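Here is a protein chain to explore step by step. Keep the sequence beside the 3D view as you read.

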Amino acid sequence: MHELPVTEGILRIAIEHAQKAGASRITDIHLVIGDLAGFVDDSIQFYFDILTPGTLAEGAKLHFHRVATRLRCWECGHEFSPQERDWTCPQCGATGGEVLAGKEFYVESIEIE
Ligand SMILES: [Zn+2]
């Protein structure tokens, strides 16, 4: 249920920028979410629909841009995208590695009128 404060944050950022730009409404919000960030698109959309009526973002479309997990193997340095929860290096068979991508979570851009 941690999508609620996160969605409030998205909304606050989007409205702040829209107001600065003198917009009458926000039409689109583009979000970047890493697969490891642990946020569910549907939950964000759910809270967004509850929070936006009466705001500049009412009726805005949310776009989710997913970033796949990328790891660098601890043992051999090989970079790979793991399958689901299996973090086995395809090159040397070691498990786990440094996370290079997949933890992202931010508002990439908004479109306004
Ligand atoms: Zn390896």
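Which residues have the most contacts inside the largest nonpolar core? They are I26, I29, L31, I44 and F48, in a core of 17 residues. Keep in mind that this is a predicted model. Helix 1 (3–20), strand 1 (26–34) and helix 2 (41–51) each supply at least two residues of this core. Helix 1 gives the largest share, six residues. In soluble globular proteins, nonpolar side chains tend to be buried together.

Now pick out I29. Leave aside its neighbours within four places in sequence. I29 is then in contact with I10, A14, F48, K61, L62, H63, V107, S109 and I110.

C73 leads us to strand 3, which covers residues 70–73. The side chains alternate along this strand. L71 and C73 point to one face and are buried.

Which strands does strand 3 pair with? One is strand 5 (residues 97–101), joined to strand 3 by four bridges. These two strands run antiparallel. Across from R70 stands A101 of strand 5. Another partner is strand 4 (residues 79–80), joined to strand 3 by two bridges. This pair also runs antiparallel. Here R72 has E79 of strand 4 as its bridge partner. Strands 3 and 4 form a hairpin with five residues between them. In this hairpin, G77 takes a positive phi near 80 degrees.

Next, find the zinc ion. Which atoms coordinate it? The donors are the SG atoms of C73, C76, C89 and C92, at 2.3 Å. Along the chain they follow the spacing C-x2-C-x12-C-x2-C. The angles among the four donor atoms are 104 to 112 degrees, and the site is tetrahedral. For comparison, the ideal angle for four tetrahedral donors is 109.5 degrees.

C73 and C76 both coordinate the zinc ion. Why does C73 count as buried, while C76 counts as partly exposed? The relative accessible area decides. Buried means under 20%, and partly exposed lies between that and over 50%. C73 has a relative accessible area of 4%, so C73 is buried. C76 has 35%, so C76 is partly exposed.

Key. Residues are numbered from 1 along each chain as its sequence is written. This is a predicted model: local features need pLDDT of at least 70, side-chain atom pairs count only at pLDDT 80 or more; totals for chains, interfaces and linings use all residues. Side-chain values use heavy atoms; hydrogens and water are left out. Buried means under 20% relative accessible area, exposed over 50%, partly exposed in between (1.4 Å probe, protein chains only). Two strands pair if DSSP finds at least two bridges between them. Donors are N, O and S atoms within 2.8 Å of the metal (3.2 Å for Na, K and Ca); water is not among the atoms, so sites may look incomplete. Four donors count as tetrahedral if all angles lie between 85 and 135 degrees; four count as square planar and six as octahedral if opposite donors are over 155 degrees apart and all others between 65 and 115; anything else is irregular. A nonpolar core is a set of buried Ala, Val, Leu, Ile, Met, Phe, Trp, Tyr and Cys residues joined through side-chain atoms within 4.5 Å. Contact means heavy atoms within 4.5 Å.
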